[in-house]
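Here is a short briefing for a first look at one chain. Please keep the sequence and the model in view while reading.

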Amino acid sequence: MAYGTDQEFSDWLAAQGLTLPADAQPVEVLRAIGSAYVDAAYEGRLQCSRRTGGFEQELAWPRTGHTVNGQTVPRDLIPTPWIHASYRAAYLHATIAGWANSGRDPSRVTKREKVDTIEREFFAAGDAGNTGNAAAGFNVDPLIDGMLSTWLCANTGRDPRSLFLVI
């Protein structure tokens, strides 16, 4: 199961000026990998709605009860940006070996790096790189993150940093 179609994926690649490597996995496999990536990395941020087909629905979309900018999303819609994000993840996986199914362990963030005479120290896990909106441990692509950000549920929890004001 995957978002979009093989032809739409090929058309998207052409429109972006991208080509798959000659040794890339078949297009249908790449689409399945890209779809699995976006669902695994971002569905956790869709908790303001639920899968239309229930918990046995294979993909995160379509959804019931989802709203974007105050407008109700039709319960049969699979957002085009979600499909395009899955295509981008498929492309990245094809061009960067294992991109969609490898990641980083947030409990093992490098605090200090030294190469030759250059040394860099991080003061917080977030300083080690962009975490974006994806779940912890996933590689983050800024284009995918940007495509999906509008579709993610707003964080309704209060940020602890907003409780205090230092004057």
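The notes below go from the whole chain to single residues.

This is a predicted model: local features need pLDDT of at least 70, side-chain atom pairs count only at pLDDT 80 or more, and totals for chains, interfaces and linings use all residues. Residues are numbered from 1 along each chain as its sequence is written, and side-chain values use heavy atoms, with hydrogens and water left out.

**Overall make-up**

- The chain has four helices and six strands. Both are DSSP runs numbered from the N terminus: H or I of at least four residues for helices, E of at least two for strands.
- Along the sequence, the pattern reads α-α-β-β-β-β-α-β-β-α.
- The chain has 167 residues, and 32% of them count as buried. Buried means under 20% relative accessible area, exposed means over 50%, and partly exposed lies in between (1.4 Å probe, protein chains only).
- Take the contacts in the chain with a separation of 6 or more: residues 24 or more positions apart account for 60% of them. A contact means heavy atoms within 4.5 Å.

**Helix α1 against helix α3**

- Helix α1 (residues 6-16) packs on helix α3 (residues 80-95) at about 75 degrees, and their axes are 10 Å apart. Axes are lines fitted to C-alpha atoms, for helices over the stretch in contact, and angles run from 0 to 180 degrees between N-to-C directions.
- That angle makes α1 roughly perpendicular to α3. The cut-offs are under 35 degrees for roughly parallel, over 145 for roughly antiparallel, 65 to 115 for roughly perpendicular, and oblique for the rest.
- From α1, the contact uses Glu 8, Phe 9, Trp 12 and Leu 13; from α3, His 84, Tyr 87, Arg 88, Ala 90 and Tyr 91.
- By class, this contact has six nonpolar, one polar and two charged residues. Ala, Val, Leu, Ile, Met, Phe, Trp, Tyr, Cys and Pro count as nonpolar, Asp, Glu, Lys and Arg as charged, and the others, Gly among them, as polar.

**Aromatic residues around Trp 99**

- The count comes to seven aromatic pairs. Rings of Phe, Tyr and Trp (its six-membered ring) pair if their centres lie within 6.5 Å; planes under 30 degrees apart count as stacked, over 60 as edge-to-face and the rest as tilted.
- Tyr 37 and Trp 99 have ring centres 4.8 Å apart and planes at 50 degrees, so the pair is tilted.
- Tyr 37 lies in helix α2 (residues 27-42) and Trp 99 in the loop between α3 and β5 (112-115), so the pair ties together parts 62 residues apart in sequence.
- Tyr 37 is buried at 2% relative accessible area, and Trp 99 is buried at 9%.
- One aromatic cluster is formed by Tyr 37, Tyr 42, Trp 99 and Phe 138.

**Backbone details**

- The peptide bond from Trp 61 to Pro 62 is cis, with omega near 10 degrees. Pro 62 sits in the loop between β1 (50-51) and β2 (63-64).
- Asn 69 is not a glycine, yet has a positive phi of about 50 degrees. Asn 69 is exposed, at 72% relative accessibility.
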